[in-house]
Amino acid sequence: MDPFDYQRRRFLGYSLALGGGLLLSGCGPEQPAASPVANDPPRHGGRLRLGVLSGGQVGNLDAHKPIGSGIVRGFALYSKLWEWDEQMQPRLALAEEAEASADASTWTVRLRQGLEFHNGKTIDADDLIFSIRRLTDPQLASPYAALLHWVDRDNLEKLDARTVRIRFKDGRSYLPLAETWVNFGGIVPVDYHPLTNPVGAGPYKLKSFTPGQRSVFSRFENYYKDGRPYADELEIIDFKDQVSRLAALRAGQIDMANGLPSEQLQIIERDPRLQLVTSVSGNWLSFEMNTSKPPFDNPKVREALRLLADRPELVRRALNGQGRVANDLYAPNDPTFNHRLGPRPHDPQRAAQLLREAGYDKLEVELVTTSGPGFGPGVRRTGQGHRRDPQGASGRPGHLRRPAARSVATEHRRYHRRAVSGQRHAHRCALCRGQQDPLQRPAVQPTVPPGHGPAGPGQAQRPGAPGPADPVRARRLADLGLCESA
């Protein structure tokens, strides 16, 4: 397989998760959950507050080299030639027409008429050419430049004020231009600079930006989609971890959170003020085998590993049930996907036979996972506690690791070890009480109706919440990943 085609497919798998997965919206501390989203018509006005994870990175506003939460801000600031439709297929956005030649050696792209940037400048072919060249500029070194690797950036042709012809290196044919360009192909003006002139044509224009903290955007009145966007303002607030973000949502400090970890589902479902929206993404998680080196250069070993994987169990434990069984093929959303193929069975006996035929009576390999979207703490548990098959095949596919990734339980322990450092556990757990971590920023205390349990002076508690815990007990519970109300 072409390495750039593989990289494109891998990118698509993860980028589709940006528009899918778990999305959560919240009401105020005393408000009940709203009616289902599908039955709630959109309304104009107001400020929408979105909580995103920064992962310790301050982020930026760069259209073509976003860092951390800069990817989310990019969807607010910048528009592209294409966008994803409801079936996760690229459809025209800023482009009025985009057509490949008969042999796909060139693409001709024509912009819509009357398009404007946030500063009032008309979008033209020069801006389109500048945007292509900037994304693929070796000096910028964007990790997404590889998506347009085959574009001949030095041979772009301006046909008229709104039309550009794109050629490819070595006269190569290239059909998947729309798929590869859709997420990070923001069109920007020729005088664009991500620090001094972060101008785009997206639904919102920048009002203020404090790196690593928050960014505020105002509605772009001349957005190319009539009547959009709905909110007058968008505020994107950065959080360093999932625990503090969920606490802010439960305290009414943000309105929405996306890309939620499945291990938080039970907490969310028990809170009547929160509304969970689950959408099916095109993301997939896989164990990849180097077919040029033993043992995976042997096709029988590769087939054995596929048969050893108990896929329903992986979905149940590693993804906490929030997933579908995959079948070793790329993306069910792909128009060429063969839906007639049934799922591969879990067959350790057949796997043991294949391994013996390949000359491996006792084979043990290490499978390493990443911290990509969808992994819960169960990923690490999945690789433990499995017995070796009596016929010689390993019933556990190696030890599964997740480098540089922390689960909610880990964050829970870290919080408690800081929280109990005083004489008493007075400010309570951010995860279980739905409050901001008081060691990071002031908490907004929820209001509890009369008759719902005692509260200390100047404090409010959730229904049924106990008072401050003994610090020794709290520390012991914290070491177990638990707390008073867990």
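Colleague: Over the ring of which residue does the charged end of Lys80 sit?

Modeller: Bear in mind that this is a predicted model. The charged end of Lys80 sits over the ring of Phe75, at 4.3 Å from the ring centre. A second case involves Arg172, whose charged end sits over the ring of Trp150, 4.1 Å from its centre.

Colleague: Next, the ring pairs. How many aromatic pairs does the count come to?

Modeller: The count comes to six aromatic pairs. To read one, take the distance between ring centres and then the angle between planes, since planes over 60 degrees apart count as edge-to-face. Trp82 and Trp107 have ring centres 6.1 Å apart and planes at 90 degrees, so this pair is edge-to-face. The pair links distant parts of the chain, with Trp82 in strand β3 and Trp107 in strand β6, 25 residues apart.

Colleague: Are Trp82 and Trp107 buried or exposed?

Modeller: Trp82 is buried, with a relative accessible area of 6%. Trp107 is buried as well, at 8% relative accessibility. Ring pairs also bring in Trp181, which forms a cluster with Trp82 and Trp107.

Colleague: What is the geometry of the rings of Phe168 and Tyr174?

Modeller: Their centres are 5.4 Å apart and their planes stand at 45 degrees, so the pair is tilted. Both Phe168 and Tyr174 are buried.

Colleague: Which residues have the most contacts inside the largest nonpolar core?

Modeller: Leu81, Ile166, Leu177 and Trp181 have the most contacts inside this core, which has 36 residues. The elements giving two or more residues to the core are β3, β6 (106–111), α3 (125–135), β8 (163–167) and α4 (177–181). The largest share, five residues, comes from α3.

Colleague: How many salt bridges does a search of the whole structure find?

Modeller: The search finds 28 salt bridges. For each, check the distance between the charged atoms, then where the partners lie in the chain. Lys225 forms a salt bridge with Glu83, with the closest N and O atoms 3.0 Å apart. Lys225 lies in the loop between β10 (214–219) and β11 (233–239) and Glu83 in strand β3 (residues 82–84), so the pair ties together parts that are 142 residues apart in sequence.

Colleague: What does the relative accessibility of Lys225 and Glu83 make them?

Modeller: Lys225 counts as partly exposed at 23%. Glu83, at 19%, counts as buried, because buried means under 20% relative accessible area.

Colleague: Where do Asp271 and Arg250 lie?

Modeller: The side chains of Asp271 and Arg250 meet in a salt bridge at 3.0 Å, N to O. Asp271 is in the loop between α6 (265–269) and β13 (274–279), and Arg250 is in helix α5 (residues 242–250), so the pair ties together parts that are 21 residues apart in sequence. Both Asp271 and Arg250 are buried.

Colleague: How many residues apart are Arg344 and Asp328?

Modeller: Their side chains meet in a salt bridge at 2.8 Å, N to O. Arg344 and Asp328 are 16 residues apart, each in the loop between α8 (311–318) and α9 (348–357). Arg344 counts as partly exposed at 28% relative accessibility, and so does Asp328 at 38%.

Colleague: Which residues are linked in a network of salt bridges?

Modeller: The network links Arg47, Lys207, Arg214, Glu233 and Glu235.

Terms used:
Residues numbered from 1 in each chain as written. Predicted model: local features only at pLDDT ≥ 70, side-chain atom pairs only at ≥ 80, totals over all residues. Heavy atoms only, no water. Salt bridge = Lys/Arg side-chain N within 4 Å of Asp/Glu carboxyl O. Helix = DSSP H or I, 4+ residues; strand = E, 2+ residues; numbered from the N terminus. Buried < 20%, exposed > 50% of the residue type's maximum accessible area, 1.4 Å probe, protein only. Core = buried A, V, L, I, M, F, W, Y, C linked by side-chain atoms within 4.5 Å. Phe/Tyr/Trp six-rings, centres within 6.5 Å; stacked < 30°, edge-to-face > 60°. Lys NZ or Arg CZ within 6 Å of the ring centre and 35° of its normal.
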